[in-house]
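User: Hi! I'm new to this structure and would like to get to know a pair of its helices. Could you walk me through them?

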Amino acid sequence: MTTIARSRFIGQRWTCGSVTKTGLRHLAQGHAGQDAAYACRKARPIVLVADGRGSSDHSEIGAAAVPDCFASTVNLNESLVAQCLDMAGLDPALREERWAQFAQILHRALVARQEELARAHSLEPVELEFTLAAAVVGTEYVGILQRGDSSVAIERRLGMELALPPDRGEFASETSFISPDEGTSTPLGSRILPMGDVTGLVAFTDGLSQLWIDARTLAVAPGVGRILRNLGDRTWDQQRLDAFLDRPIWQQCDDDDKGVAYLAMRTSRRPRSRH
């Protein structure tokens with residue numbers, strides 16, 4: 001009970017939101033966007049994005065089911081999640097081991113949901129494959145879960161970085177997906193990081209990576225941090241972020257579907273310049 005109450009308390013420090021945009025290619029085809037995004041502050045802060053496999057005509061069904069499945073799996077396993085993210089004195093190796101255990105539980109739940117949806121829609125489960133990038137926030141640590149070329153970036157007071165850099169080839173059309181074909185024992189990428197001076201988290205699909213990540217160095221563009229700070233002090237809101245993703249520059253970059261979810265630490269509104 002104490003851990004859950006503390007988790008709810010820290011949720012009050014954040015503002016959150018999510019936006020998805022259908023790319024021009026899918027709009028021209030009359031196709032629904034294949035990205036899903038989700039953010040919440042209570043009871044346990046979460047950001048996540050899922051990107052349906054582009055070569056499947058039905059993968060948006062799988063991606064759209066991820067937020068509910070993810071949030072319910074976190075809720076059902078709150079005692080394990082709390083051990084990983086809220087307990088300050090736990091042995092670091094044991095913490096990583098238990099977070100990897102939760103990653104396996106989540107993977108099994110997501111695959112089971114794919115198979116259930118496939119039966120309901122008379123599809124093959126592999127038609128519902130998707131990538132995943134997510135962060136779950138605790139009082140002491142943040143847990144990262146990732147598969148494929150979607151990403152989570154973490155903002156600290158000294159700058160931004162990818163929370164879990166992608167495997168080689170993920171940004172070169174060699175991405176991997178959460179899929180029943182790979183078996184439920186295939187692990188999600190997982191990592192635990194101290195909350196410390198974390199001031200923002202943002203999960204985003206590969207439709208934003210071309211401008212938000214340097215493909216050579218994997219550095220996160222400085223503008224991403226500015227966006228989080230604007231959201232944190234409410235200079236921007238979710239509608240402003242939505243409008244930003246409609247700017248022409250995105251149409252010049254392949255204009256893939258885009259999904260983004262954020263948690264930004266609440267700060268005082270900055271005074272407006274008089275100039």
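Analyst: Gladly! One term first: a residue counts as buried when its relative accessible area is under 20%. Please keep in mind that this is a predicted model.

User: Which residues of H5 are buried?

Analyst: Helix H5 covers residues 78-86. Seven of its nine residues are buried, so H5 is largely enclosed by the rest of the structure. Those residues are Glu78, Leu80, Val81, Ala82, Cys84, Leu85 and Asp86.

User: At roughly what angle do the axes of H5 and H6 cross?

Analyst: Two packed helices are described by the angle between their axes and the distance between the axes. Here the axes of H5 and H6 come within 9 Å. The crossing is left-handed, and its angle is roughly 145°.

User: How do the residues of the contact of H5 with H6 divide into nonpolar, polar and charged?

Analyst: On the H5 side, Leu80, Val81, Gln83, Cys84 and Leu85 take part. They meet Arg95, Arg98, Trp99, Gln101, Phe102 and Ile105 of H6. Sorted by type, the residues of this contact are seven nonpolar, two polar and two charged.

User: How far apart are the end C-alpha atoms of H6?

Analyst: H6 has 30 residues, and at 1.5 Å a residue it should span 44 Å.

User: What covers the buried residues of H6?

Analyst: Among the buried residues of H6 are Trp99, Phe102, Leu106 and Leu110. The elements covering the buried residues of this helix include H3, H4, H5, S4, S5 and S8.

Technical notes
Residues numbered from 1 in each chain as written. Predicted model: local features only at pLDDT ≥ 70, side-chain atom pairs only at ≥ 80, totals over all residues. Heavy atoms only, no water. Axes fitted to C-alpha atoms, helices over the stretch in contact; angles between N-to-C directions. Helix = DSSP H or I, 4+ residues; strand = E, 2+ residues; numbered from the N terminus. Left-handed = near helix turned anticlockwise from the far one by under 90°. Contact = heavy atoms within 4.5 Å. Nonpolar A, V, L, I, M, F, W, Y, C, P; charged D, E, K, R; others polar. Expected span 1.5 Å × (residues − 1). Buried < 20%, exposed > 50% of the residue type's maximum accessible area, 1.4 Å probe, protein only.
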